[in-house]
Each structure stands twice: as C-alpha cells, then as structure tokens.
Amino acid sequence: MLKSLMVAKAKDELEQELVDKEAEKERYLAEKAPPLQTSGMSSAELQELCRELHVKIGVVDEERYNIEAKVLHNTREIKDLNIKVLDLRGKFKRPTLRRVRVSADAILRSLLGSKHKVSMDLRANLKSVKKEDTEKEKTVEVSDWRKNVEAMSGMEGRKKMFDAAQ
C-alpha cells in the first residue's frame, strides 16, 4: 500500500518535472530566438538578415568551441590530479599491523552480542604432540643415505621394501 503510493507520487513528480522542463525550453527559445518576420521584406533586407544570422552563428560556435576546450582541459587536469593522488598514496609507508590477541569468547561476544553466553575452548580440541616422538623421527631421517641406497638396490632391496610394507 505504502510502496504503491510512493511509486504513484514519484510518477506524478516525474511527469511534472518533464512538463516544467518543456516549459523552460519554450521560454528560453522564445527569449533567445524570436520568430522571424520575413514576409514583405525585399531581397536586400533578406540578405542582410542572413548576414546577421551568420555572424550570430559564428559567435555561438566560437563560444561552444571555447567551452568544449575548457571542459577538455579540466578533464585532463582531473586525470592528472587523480594520478598524482594515486602516486602519493604509494609513497607513504604504511605502518606494520600488530597482532591483537583476542580470545574466541571475546570474538563470539562481539559478534553475537552480550545476550548470548557462548563459550568455546578451541585449544581443548587440539592434539598434543610429544617432543620425544618428533626427536625419534628426526634421528631416523638423518642416517646415511648411501648405505640405504646400497641396501635397497637389486631384487633383494625390493623384497625388503615389499616385506616392510606388509
């Protein structure tokens, strides 16, 4: 109901605006270009009228050209200034961002609001890794690789690899 009323009002205002624009155009044309009275004029008077109109057309074309040149100049200047602004943005060093420690509870509280009491312990779900296991793995990998290659070469080595896999 309200939406349809707003649409109807906007449509009426748009139609009124079009009528106003048309009336303004008619008024401007009547002021700037009055209707010509060519009836009853001799050919010399018509030629003089044509010369006057030709001079007026020249003046208007010159003004239009000057305005277009100013617009083009301003457009170029705007582009140059935009380029300078972008260059200046790149020159300044941005500060390094610091890591802010915020708990998961604080994040949830800020997202959900203070009404919701939700607690989440993310660290409880993580696996614990023992240092001893990692040290054993490192010592196995550090052994001499040349001995390993010689032991695994030939059919005997393939048999060892097959047996180790099972």
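Keep in mind that the model is predicted.

Let's begin with the empty space. Rolling a probe the size of a water molecule over the atoms shows where empty space is left. In this model, the largest pocket holds about 400 Å³ of space. Who lines this pocket? The lining is made up of Tyr 28, Lys 32, Ala 33, Pro 34, Leu 36, Leu 49, Glu 52, Leu 53, Lys 56, Ile 57 and Val 60. Sort those residues by class and you get 8 nonpolar, no polar and 3 charged.

Now, which parts of the chain do they come from? Helix 1, covering 2–32, and helix 2, covering 43–91, each give the lining at least two residues. Helix 2 has the largest share, with 6 residues.

Leaving aside residues up to four places away in sequence, Leu 36 touches Leu 49 and Leu 53. Take the pair Leu 36 and Leu 49: they are 13 residues apart in sequence, and their C-alpha atoms are 9.6 Å apart in space.

Time to switch to charges. How many salt bridges turn up in a search of the whole structure? The search finds 5. One of them joins the side chains of Glu 24 and Arg 27, with 2.6 Å from N to O. These two residues are 3 apart in helix 1, so about one helical turn separates them.

Next, move along to helix 2. Here the side chains of Arg 51 and Glu 48 meet in a salt bridge, 3.7 Å from N to O. Both lie in helix 2, 3 residues apart, or about one turn of the helix. Glu 48 is partly exposed, with a relative accessible area of 40%.

Further along, Glu 68 forms a salt bridge with Arg 64, and their closest N and O atoms are 3.2 Å apart. Glu 68 counts as partly exposed at 45% relative accessibility, and Arg 64 is partly exposed at 44%. Salt bridges can also link up through shared partners: Glu 24, Arg 27 and Glu 31 are joined into one network that way.

Methods. Residues numbered from 1 in each chain as written. Predicted model: local features only at pLDDT ≥ 70, side-chain atom pairs only at ≥ 80, totals over all residues. Heavy atoms only, no water. 1 Å grid on protein atoms, 1.4 Å probe; cavity = no way out; pocket = protein on both sides within 12 Å on 5 of 7 lines; lining within 4 Å. Points joined across faces, edges and corners; volume = space filled by probe spheres on them. Helix = DSSP H or I, 4+ residues; strand = E, 2+ residues; numbered from the N terminus. Nonpolar A, V, L, I, M, F, W, Y, C, P; charged D, E, K, R; others polar. Contact = heavy atoms within 4.5 Å. Salt bridge = Lys/Arg side-chain N within 4 Å of Asp/Glu carboxyl O. Buried < 20%, exposed > 50% of the residue type's maximum accessible area, 1.4 Å probe, protein only.
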